[in-house]
Amino acid sequence: MDYTSRVDNKTNDIDDIVKAARIFIDEDDLDVSSVVKKTFEREGFSDILTATNGDSALKIILESISERKPFDLIILDLMLPGSITGQDIYRQLSSTVDIPIIIITALPDKETQLDALQYLDVEDYFVKPLEMDIFILKAERAITRRIFSSKINASNKKSQKLFLNILQVMAKVLEAKDPYTRFHSENVAKYARQIARKCGYSGERLEMIQIAGILHDFGKIGITEMVLNKTGSLTDPEYLAIQKHPLIASTILEPIEELSEVIFDIKHHHERFDGRGYPGKLAGEDIPLGARILCAADSFDAMTSNRSYHKSMSIEDAREEMIRCSGTQFDPEVVKAFLDVQDEEQEKKDRLKLLKEKVNEKNK
Ligand SMILES: [Fe+2]
């Protein structure tokens, strides 16, 4: 059961909702661990798990995430016995999940404290002996923030999801016309969102660029399947017909008020940075940033997928091609953001893989 259903099944009383939070304490000093646990229990919390070393703590945390019963707060001692330290755990978790982490430590090391608060985004940092009244107050605040931001997101997401589902059905209708573009809209949406986040998009703007990714080629609904699926080279009239798809999309989608923010992104996703694209022959920053992002996401997925007119390229070759066309077809800043995102994603995957191997090795 995930957090949302847990809350929905409970009474709406705010205090009850907060007190239903799951808390995890990883502390090797049993006296400290016991005092912290008892204080939480006195405050009305009951779902509290504890561990005394980094290895078992990480196993419990990863299991709670994979079982969709994540903790709402993690209390972590930096100095733990075992091969995995508290520092290892928060480094891993802060880059993968959104659970508030409060660090407790016997070392009043200002540099580590600053590192934890500033770069690793931990919720708070306490030096032992703990001032329990302040500690509990801050812990409850962190839990409340975590629970209610999740609740608000969940309710907003319900209506957004319905809208998104309808748009995805529309995109599927298009993909049925051209079997080679199966999953293309989802891939472009995923890449566009990653690039946009790197370029500073957040919140609703980020959701909208993802929707634009799903719909970017919707105008192909107005192009005949014979042209879309043609294996040989296109005649001039066929090429001109294909080039109309961004305008067809913007005409069809314009009445949908919710899409007004991204209509121009969709309309201009085939512009080139050097001004030799279509439909407006816009150049440089005259092209909306969203359109420059869609262009890179679209091209990368086209290069790395099989199409009626070409076989897929390897990821490495496609990255080389993006670099080669940076400044001509693509915005160099957007290419850099995309390559950086890919590197970071790969690093994250490698780190998680290593960590899981480490935990598995320890548990043998
Ligand atoms: Fe397109």
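**Asp274**

I looked up Asp274 and found it partly exposed, with 14 other C-beta atoms within 10 Å. (Buried takes 20 or more such atoms, exposed 12 or fewer, and partly exposed lies in between, with C-beta atoms placed from the backbone.) This is a predicted model, where local features need pLDDT of at least 70, side-chain atom pairs count only at pLDDT 80 or more, and totals for chains, interfaces and linings use all residues. Numbering starts from 1 along each chain as its sequence is written.

I placed Asp274 in the loop between α13 (263–267) and α14 (289–303). Helices here are DSSP runs of H or I with at least four residues, numbered from the N terminus. Leaving out residues up to four places away in sequence, Asp274 touches Ala283 and Thr328; contact puts C-beta atoms, placed from the backbone, within 7 Å. I also noted Phe330, 56 residues from Asp274 in sequence and 8.1 Å away in space, C-alpha to C-alpha.

**Helix α4**

Next I turned to α4, residues 54–66. I found Gly54, Asp55, Ala57, Leu58 and Ile61 buried. Exposed Glu63 and Ser66 sit on the face turned away from the buried side. Just after α4, I saw Arg68 with a positive phi of about 60°.

**Helices α8 and α14**

Which residues of α8 meet α14? Among them I listed His184, Tyr191 and Ile195.

Definitions and conventions:
Helix = DSSP H or I, 4+ residues; strand = E, 2+ residues; numbered from the N terminus. Expected span 1.5 Å × (residues − 1). Contact = placed C-beta atoms within 7 Å.
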